[in-house]
Amino acid sequence: MAKSLITKIVPERKYEITYLVSSGMTTSELNTVRDEMVSLVGKYKGKVVDTQDWGKKTLAYPIKHGGRTLTEAVYTHLVVALAANKVGELTKEIELKKEVVRSLVVGVGDEK
């Protein structure tokens, strides 16, 4: 008897990813990091729905990163569609990126 392959379909949800990088990065370096983040979302079969560059902002408190103390950072915000079972893996990979100072991944609730 042939075995059937049962594939569990995990619905996509929308998530917001906000990440901070050093304000000392050049425009080219910022674009490279953003492209890497988009590729990372694609690696997990996700799609970037929207990208917003929030620009350079003063941090509420200094953050030590890469041997330096940062008082400013460049904020970037992504809205992505991604399977719920891939969020944990994506979050871990974002945290491992040496250019990213801080990041936050939040699920977007259904609008009713």
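Trainee: Which residue is the bridge partner of Tyr19 in strand 3?

Mentor: Tyr19 has Thr76 as its bridge partner there. Thr18 has one in strand 3 too, namely His77. Keep in mind that this is a predicted model, where local features need pLDDT of at least 70 and side-chain atom pairs count only at pLDDT 80 or more, while totals for chains, interfaces and linings use all residues. Residues are numbered from 1 along each chain as its sequence is written, and side-chain values use heavy atoms, with hydrogens and water left out.

Trainee: What makes strand 1 and strand 3 a pair?

Mentor: Two strands pair if DSSP finds at least two bridges between them. Strand 1 and strand 3 are joined by eleven, running antiparallel, so they pass. Strand 1 is also joined to strand 4 by seven bridges, again antiparallel, with Ile17 opposite Val105.

Trainee: How many bridges join strand 2 to strand 3?

Mentor: There are 13, and those two strands run antiparallel. Lys47 stands opposite Ala81 in strand 3. The two strands form a hairpin with two residues between them, and Gly66 in that turn has a positive phi of about 60°.

Trainee: What is the overall pattern along the sequence?

Mentor: The order is β-α-β-β-α-β, from two helices and four strands. Both kinds of element are DSSP runs numbered from the N terminus: helices are H or I with at least four residues, strands E with at least two.

Trainee: Why is Ser22 called buried?

Mentor: Buried means under 20% relative accessible area, exposed means over 50%, and partly exposed is in between (1.4 Å probe, protein chains only). Ser22 comes in at 11%, so it counts as buried. Its place is in strand 1.

Trainee: Which residues does Ser22 touch?

Mentor: Leaving out residues up to four places away in sequence, they are Arg68, Leu70, Val74, Glu99 and Val101. Contact here means heavy atoms within 4.5 Å.

Trainee: What makes the link between the side chains of Ser22 and Arg68 a polar contact?

Mentor: A polar contact is a pair of N or O atoms within 3.5 Å; within protein, one must be able to donate a hydrogen and the other to accept it, and residues adjacent in sequence count only if both atoms are side-chain atoms.

Trainee: Is Lys97 buried or exposed?

Mentor: Lys97 has 18% relative accessibility, so it counts as buried. Lys97 is found in the loop between helix 2 and strand 4. A 2.8 Å polar contact joins its side chain to that of Glu36. Setting aside neighbours within four places in sequence, Lys97 is in contact with Glu36, Met37 and Leu40.

Trainee: And how does Val38 count?

Mentor: Val38 has a relative accessible area of 34%, so the label is partly exposed. Val38 is found in helix 1. Its C-alpha atom is 9.2 Å from that of Val80, 42 residues apart along the chain.

Trainee: What makes a set of residues a nonpolar core?

Mentor: Its members are buried Ala, Val, Leu, Ile, Met, Phe, Trp, Tyr and Cys residues, joined through side-chain atoms within 4.5 Å. The largest such core has 18 residues, and Ile17, Tyr19, Met37, Val80, Leu82, Leu90 and Ile94 touch the most other members. Strand 1, helix 1, strand 3 and helix 2 each give two or more residues to this core. A second, separate core of seven residues includes Leu59, Ile63, Leu70 and Val101.

Trainee: Why is strand 3 called mostly covered?

Mentor: Twelve of its 16 residues are buried. Across the protein, buried residues make up 31% of the 112 residues.
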